[in-house]
Amino acid sequence: MSFEFRAIYWREMLKFFRFKSVLFSSLIQPVMWLAFFGLAMSDSFDQLTSLIPDIPGVPKVDYLSYMGAGIIAMDVLFSSLFGGTTLMFDKKFSLLRETLASPVPRSHIILGIGLSGVTKAFIQTFIIIGFGKLIGMDFFKGYTLTETFIAFSGIMLLVAIFSLGFLFLSGSIAITIENPEGMQSILTLLSMPLFFVSNALYPIDAFPAVLKFLSMFNPLTLLADGIRYFSLGSNFSVMGNHYIYTTADISVSFLGLIFFALAMLSAAIWRFNKVNI
Amino acid sequence: MTGNVIEVNNLEYAYGSVKAVDDISFTVKQGEIFSFLGPNGAGKSTVINVLTTLRKIQKGEARVNGYDVAKESKSVRRSIGIVFQMLCLDHEMTVSENLEYHGKIYSMPKKERKERIEELLKLTELEGKRDTLGKELSGGMKRRLELARGLMTKPAVLFLDEPTVGFDIQTRMRMWEYLREIKREGTTIFLTTHYMEEADQLSDRISIIDHGKIIVTGSAEELKNKLGKDLIYLETSNNKIAAEILRSLNSVKTVTEDTKSLRVMIGENVTHALPQIMEKIREEGIDITTVNIKKPSMDDVFVHYTGHGLREGDTKEKYDGMETEGVSE
């Protein structure tokens, strides 16, 4: 058993905490989404939907809490999707040479980068949930300590799988492409549909059929649904939409994300084995 | 072990249809500094890339530290240290972090890493810079750090690809001192260079390589002596005829015609040969305008064996872009 991936992980984390500006912005950004977009939208949505009669017997969740799950998903999406960029610069400035010339298996480079990305995603998720609770998000409402712990672990597990998937995707692109502009435009192109064709910020019930269908396969939807299941419960209503998550639903989230991550892992391994120095 | 740290037999390497390395065989002995001297594009970097398993061997056989580069690449990698032609340090990590990272990717135990970092910082005189970021180092210090990094795992062989390219002469000479010190500690060194003085002053043995082939191998002394004891430069009113006369003389080993002058290798003591040479040429009514005597240098050796100077070779762009890289500063 070899553990060289720990060296890659160590280097990534060292640099994550070294670049104070990147560190600060990546931690402050989700808080700003929640604080500005979240609070503003939440008030207007809740005002608009206050006329919709409550569904009897179903707990009502405000928009802020609904959106909080989406913000976690979105934030992890962006940080993971751009997380592979370091590889492109490492390759561009021949920093990767040292590692590629060493006995470290290439899969360990992917794993090391992946785990460091997951760590960053965990930190962000933690901050969003913490700050969200502070401004009145209803996560884990009425849960016992054990239930909260289980729910929290469930969220982190989903976040980890999701994050790995997008880091592998990002790494594959980074190792293939030569210039930063190209990388930037591909990632922007990818993130747009991922973000909007999902239920991260709004329910998809009113979507046109095609978009609704597509959004069901979107990893972002799978993650947002999963987080909502763990944090808001399996039966709630938001803005007049009744949400019921069954065990099947949460299994679909897990399996879908695992499938996605594995597919991206094989893509990454394939691209990495092609790299020549 | 046969005492050879590197053994190469009939190595060939082609980029598409362009042969970069053409049927090369050589050995590097335990504990020596061995140089590949040749112009850019001669195939030097390709040989290093094959020996360090960065490129898959296409034809022939090569063993490094007893391991087959084709089949035992992981063991080869564990046996070697590399200083790449292009600087590749992490500018956002400190000197000691760069070394630490290297130790970690080679799975060195923590205690060993710490000790080795101290030794190497001392060797490369970077002790005062241990917490300095890579980007704040001067060019020479960066190279020294790379040298330290290459030695981190106590490799059996240290490969250096054009280690002093782009550096001023002081920095270069200092680098040579470090390399000699490393050799004294028992590390075998394989380096490529296109600097004559580097090959001449530093190496125990040199292979002159041109167009992917090894032209000649030997110590600097041997190579120079093969040319003859002394070298005379002559400028005459008719170089062509003078050259013919000279070739007929017993004391003359070879005659090379340059654009303006004749380069005459003498097999015996020049003080006796020169009067005779001058007399013979004058007898044919040719005027001698300039005479210059010197001991053969590496430049002369190179010109003699390759038929051209290194400068001229610099402009050959046969394999350019595949293996020629400048230092980024």
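Biologist: How many residues does the contact take from chain B and from chain A?

Modeller: In this predicted model, the contact takes 27 residues from chain B and 23 residues from chain A, where contact means heavy atoms within 4.5 Å.

Biologist: What area do chain B and chain A bury between them, and on which atoms does it lie?

Modeller: Chain B and chain A bury about 2,400 Å² between them, and 58% of that area is on carbon and sulfur atoms; the figure is summed over both parts.

Biologist: Why is the meeting of B:Arg78 and A:Glu4 called a salt bridge?

Modeller: The side chains of B:Arg78 and A:Glu4 come to 3.6 Å, N to O, and because the rule asks for a side-chain nitrogen of Lys or Arg within 4 Å of a carboxyl oxygen of Asp or Glu, the pair qualifies. The count between chain B and chain A is 5 salt bridges, and there are also 9 residue pairs in polar contact, both residues at pLDDT 80 or more.

Biologist: Which elements give two or more residues to the side of chain B that touches chain A?

Modeller: They are helix 2 (73-79) and helix 3 (95-105) of chain B, and helix 3 of chain B provides the largest share, 7 residues. By class, that side of chain B has 12 nonpolar, 4 polar and 11 charged residues.

Biologist: What makes A:Asp90 and A:Arg11 a salt bridge?

Modeller: The closest N and O atoms of A:Asp90 and A:Arg11 are 3.0 Å apart, and the limit is 4 Å, so the pair is counted. This pair links distant parts of the chain, with A:Asp90 in helix 4 (residues 85-92) of chain A and A:Arg11 in helix 1 (residues 5-18) of chain A, 79 residues apart. Over all chains, the count comes to 32 salt bridges.

Biologist: How do you know that strand 1 and strand 2 of chain B pair?

Modeller: Strand 1 (residues 4-15) and strand 2 (residues 18-29) of chain B are joined by 8 bridges and run antiparallel; because pairing requires at least two bridges, the two strands meet the definition. B:Val8 stands opposite B:Phe26 in strand 2 of chain B, and in the hairpin, which has 2 residues between the strands, B:Gly16 takes a positive phi near 65°.

Biologist: What makes strand 1 and strand 2 of chain A a pair?

Modeller: Strand 1 (residues 235-238) and strand 2 (residues 241-244) of chain A share 4 bridges in the antiparallel sense, and since at least two are required, they therefore count as paired. A:Val238 stands opposite A:Asn241 in strand 2 of chain A, while A:Met239, in the turn of this hairpin, has a positive phi of about 50°.

Note on methods
Residues are numbered from 1 along each chain as its sequence is written. Chains are lettered from A and ligands numbered from 1 in the order in which they are written. This is a predicted model: local features need pLDDT of at least 70, side-chain atom pairs count only at pLDDT 80 or more; totals for chains, interfaces and linings use all residues. Side-chain values use heavy atoms; hydrogens and water are left out. Buried area is the accessible area (1.4 Å probe) that two parts lose on being put together, summed over both. A polar contact is a pair of N or O atoms within 3.5 Å; within protein, one must be able to donate a hydrogen and the other to accept it, and residues adjacent in sequence count only if both atoms are side-chain atoms. Ala, Val, Leu, Ile, Met, Phe, Trp, Tyr, Cys and Pro count as nonpolar, Asp, Glu, Lys and Arg as charged, and the others, Gly among them, as polar.
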